[in-house]
Amino acid sequence: MANFLFILVATIVTIYLFLFVSGTFIRRKYRDRAVLTGGGSSGHIYPAIAIGKWLQPEINDFIFIGAKGRIEEKVVPKENIPLKLIRAYPYSTSLTEFPKFLFFLMLGILKCLFILYEFQPKFIIGTGGFVSAPVVFAGYGLKKLGLINSKIILQEQNVSPGKLNLLAGKIADKIFVTFPQSLYYFGNKGYLIGYPVRKNVKTVNVESPQLNDLIKGRKLIFAFGGSQGAKSINRAVVDSLYYLLPYKDKIYIILSCGLGYSHYNGLQDVKERIDSKYKRGEIEEIEKFFTYKDYYYNVGEILSKSSFVVGRSGAGTIFELSEIGLPSILIPKIGLSGEHQVMNAIAMKKAGGAKIVFEKPLNGEMGVEGKELAEAIIELSSNEELLKKMGENAKKVIPHFDTEKLVREIILEGKEIKGIEETAKIEFAPLLSPEKILSKFSKCREEKKEFQVDEDQKNYYESLTMNLLRSKDWKKRNQGVKLLAFFKIEGAKEKLIKFVNNREKVNRFKRFLGGDFEEVGFIRRNSLLSLKSYDISEKELLDLFLISSDDPYYEVRSSCLTLIKEKCSTIKERGHFLLITKKLATDKEVEVKEDALSLIGEIGGEEEVDFLLSFKDNYFWQLRNSALKSLLRMAERGIIKDKEKVSKRIDEFILTSTAYKPIFEIKENFWKLKKSLKGM
Amino acid sequence: MLYYLAKYLMDSNQQLGFLRLFSYISFRAIGGALTSILIMFLLTKPFIHYFHKRKVLDYARDTGIPSSSDKSGTPTMGGVLIAISFLFSSILWIPFGNHFVSLTLLSFTYFAFLGFFDDISKLKKKSGEGGHSEKLKLVLQGLFALIFILLIFNDFTPFPEKEISSLYIPILKNPILNSYLIYGVFLFFYIIGVCNSVNLSDGLDGLAIVPSTFVISVLGVFAYIMGNALQSKYLNFPFFSGAGELTVLASIFAGSAIGFLWYNAYPAQIFMGDTGSLAIGGLIASMTILLKQEFLFLILGGFFVVEALTSQIQDKIGVNFIGRRIFHRAPIHHELQYKGIAENKVVVRLWIISGILALLAIATIKIR
């Protein structure tokens, strides 16, 4: 045993020493090497290549580490950069996906260890996407072991980084950011450099006479959802045409609906949508001011002639809009890593360069209502001055530095140009996850303070809530239900009542373990609790009470009682309510009985006094306590007429109890003092 | 150490023959307990002051409204004191080189350190919620379980050759199983389970320390029997030479625990923290394994088993799978509080229950 351990340790030490020494030799020989990484979409690849090319001629030897089966396999070889592929998998918290992610991350790190050690780069430049994480982690590990000597540099295109990039940011040496808001996440490691893109990549404008003929002096609106197309944008634009018909002489809309490589075929979808939605006569009218194609290769030209744009809010789009100074209506995609599209859109709106339209669930899918989009389009196209101002503002959202010079100075010369002053001017509140926003709200409610969110954030949270409510995972629906207590969305009340009424059974296995309905106990309970923030009519209240008093889950029964207690001032016909409450006062759960008794104190009349007095010798002190409290409440309400008799009868109450609230004098005094000092 | 000192003095001077007392387990057990209790009394008060000064304080789990009955602001990491007095007293009173004792102390120390770092990271975050992430904690516990299993399966084992992988259950005389593979896998999960169950039970003032004292004291009785050739033969136990030293260890622990209870009783002046609860878990796990009483723990530590089961069922099946509470509250001590019983009453009742379980466990000595 001991021998074996000794041999093991000795081998490891020898191998390490060998690697260390030979690594040093490779490093001496090649001093101009850099690893570029980042991928999954072209938005990550081009910045990496741009930064790499800017470092020439000092750094000349590159490799690019990308993910297998992604777009980098096509793009990178065109740039004459050797490509190494690893397997990578997007980050996900779901139970089935997470192990896969973890496995591929480990595998990726392992492969990167070999690649990086062999290559001995001076710089590791990562531009996000799930590929760059394993490279950065491996680089960090090797660096700590002293086996490579490289600087790790990250670049974040979006306002808010995803989880992996945030984590990688902690171990990176320098982080380049595009938006000043991002500095909030990275502290003093962040460097504001703008968007790294090479000048020759920008499209050259060619005048084509057809386009001018088409527009004929009208306002050109370009709608696009990226090269792959976006279903919700395509459909929203088609739907909005109906409302835009009266404006057909003033506007012209071009829709780029997507190349359809992936599962979604935009062109076909748009065609079908138009055919099903409009009659023949209408289509003819529409064609006078609307045209669409799978992809326009003269994007640059169209953009330069557009009055404004309807689109997603990826970093690349925002950069282009900002470069040209083009106003926009942004429809951010919700649920991406770090909610970056929402954050980008909000940044653009805060700068005054865009309007945001959030997606909502429409017929079971997330989408935008045609009417809403049409209203936004009309508003923008009818206001020349606004458009001009928005165009000016759009230029400000990304600082237009000489990015190439900055990159060279920061990386090669080690200058500290951080652009911190820029952040001081911009107010910035990051978006919160549902858990965080809930805990913040509840805390404010407990302290009786108002918790304010600005309009954009409110819109986002509302959209998020709706998205959560239609999720298949009950935990997410539950979060949505809880959020409804704070965001009063149209139709929310009906939805909550529907949740409480749900009687769809869950599968047998869950029922065996104690489950009951699809809308699980927590959802039904929280729906009732959230309903406290809504105005409910007496009839709705009675219906709710009837169904939830029979609910198999005790917390539902008890929270319904608390709901009615809160709303009892609106009740006029108390007979029915009292009947059910009295039935619940004989429930098998103590908590329910307790709540029922306390409700009787609120709505009960003279006849209920005897009922409450009958709890005088109940085994549970909580029930005796609750009965006494209710009697007290009745006395306050002036219901008890024969005070002397009741006063005599409550002498019969058993007053022993198995619990008590301790009073620690010192803490009591401390809080009193604290309060009085605050009051002054 | 005292053992060797007495031996040396005895050899050098005929008149000091009374010092052979130090070779008796019973004498050393009592001496050890008194030493550790004394250390606790001497150390705890200044330590509580020190912890207050250094802000080694507990942060309440729910950040509700300030109330006079919450416990935030009580110093935590009292487990450090338990560990100090226990280890110091053990070094003083137990001869070196006994593998039963070294394995037990190794396990105790490892888990004490694990808990210590967890406590420290909780303090840094200033919240009661996560110290180390649960996963990291489990991995580190699993790592130790592997090391421990390797040690007892190899040269370091304190058992006679044929008993290494035998699995006993109470009441039956002979092992029900003798397979390295199955026994090893079983031990792996057993160690992790036991540590965490003690960790979960540490929820109310004085709740974890007394039942664990019962458990370890009863194990001390078992150790005495199994380390004694005559007794073990008479009572049909396997004979493990040297296991008797675990009695001394158990007794020393009881001393530290009672010393700790002095300050930890309701209302507590100090909590043991993860340092204490994980270390005690490690101690119980290793002692039951070394005495081949893994299944006895189901009875003897029934309280811990119920605590762990209720909390796991509530969390894994109830709250995270079927979407409702299965128990009103979990673990069991919170359920009792929910039923309207005051904290100190709950604690005493659970002490009584674990005392009864300890008696039942002792009864299995004769019934086999």
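**Helix pair in chain B**

I started with helix 3 (residues 79-93) and helix 10 (residues 273-290) of chain B, whose axes come within 6 Å and cross at roughly 50 degrees. I took axes as lines fitted to C-alpha atoms, for helices over the stretch in contact, with angles running from 0 to 180 degrees between N-to-C directions. Helices (H or I, at least four residues) and strands (E, at least two) are DSSP runs, numbered from the N terminus. For the wording, angles under 35 degrees count as roughly parallel, over 145 as roughly antiparallel, 65 to 115 as roughly perpendicular and the rest as oblique.

Next I listed who touches whom, where a contact means C-beta atoms, placed from the backbone, within 7 Å. Helix 3 of chain B brings Gly79(B), Val80(B), Ile82(B) and Ala83(B), while helix 10 of chain B brings Gly273(B), Thr275(B), Gly276(B), Ser277(B) and Ala279(B). By class I get 4 nonpolar, 5 polar and no charged residues there. The classes: Ala, Val, Leu, Ile, Met, Phe, Trp, Tyr, Cys and Pro are nonpolar, Asp, Glu, Lys and Arg are charged, and the others, Gly among them, are polar.

**Ground rules**

I am working on a predicted model, in which local features need pLDDT of at least 70, side-chain atom pairs count only at pLDDT 80 or more, and totals for chains, interfaces and linings use all residues. Residues are numbered from 1 along each chain as its sequence is written, and chains are lettered from A and ligands numbered from 1 in the order in which they are written.

**Helix pair in chain A**

I then looked up helix 28 (residues 590-603) and helix 30 (residues 621-637) of chain A, which pack at about 10 degrees with axes 7 Å apart. Helix 28 of chain A and helix 30 of chain A are therefore roughly parallel to each other. Contact residues include Leu597(A) and Ile600(A) from helix 28 of chain A, and Leu623(A) and Met634(A) from helix 30 of chain A. This contact has 6 nonpolar, 5 polar and 5 charged residues.

**Chain A overall**

I count 32 helices and 15 strands in chain A. Its C-alpha atoms fill a box of roughly 100 × 90 × 60 Å along the principal axes. Of its 680 residues, 40% are buried; buried means 20 or more other C-beta atoms within 10 Å of the residue's own, exposed means 12 or fewer, and partly exposed is in between, with C-beta atoms placed from the backbone.

The chain is divided into domain 1 (14-195) and domain 2 (209-396), with bounds from an automatic or database domain assignment. The domain centres, taken over C-alpha atoms, are 35 Å apart. Domain 1 of chain A puts 13 residues into their contact and domain 2 of chain A puts in 11. The domain 1 side has 5 nonpolar, 7 polar and 1 charged residues.

**Cores**

The largest nonpolar core has 162 residues, and those with the most contacts inside it are Val35(A), Ile221(A) and Ile253(A). A nonpolar core here is a set of buried Ala, Val, Leu, Ile, Met, Phe, Trp, Tyr and Cys residues joined through C-beta atoms within 7 Å. Helix 5 (residues 132-145) of chain A gives the most to this core, with 7 residues. Both domains of chain A give residues to this core, so it lies between them. A second, separate core of 91 residues includes Phe108(B), Phe271(B), Ala279(B) and Ile332(B).

**Between the chains**

The contact between the chains takes 18 residues from chain B and 26 residues from chain A. On the chain B side, helix 12 (residues 302-322) gives the most, with 3 residues. That side divides into 8 nonpolar, 6 polar and 4 charged residues.

Most residues other than glycine have a negative phi, and most peptide bonds are trans. I noted a cis bond joining Tyr266(B) and Pro267(B), omega about -15 degrees; Pro267(B) sits in the loop between helix 9 (245-264) and helix 10 of chain B. Ala330(B) to Pro331(B) is also cis, with omega near -10 degrees.

Gln120(A) has a positive phi near 50 degrees, and with 23 C-beta neighbours inside 10 Å it counts as buried. Asn236(B) has a positive phi of about 60 degrees. Is Asn236(B) buried or exposed? With 12 C-beta neighbours inside 10 Å, Asn236(B) counts as exposed.

Terms used. Contact = placed C-beta atoms within 7 Å.
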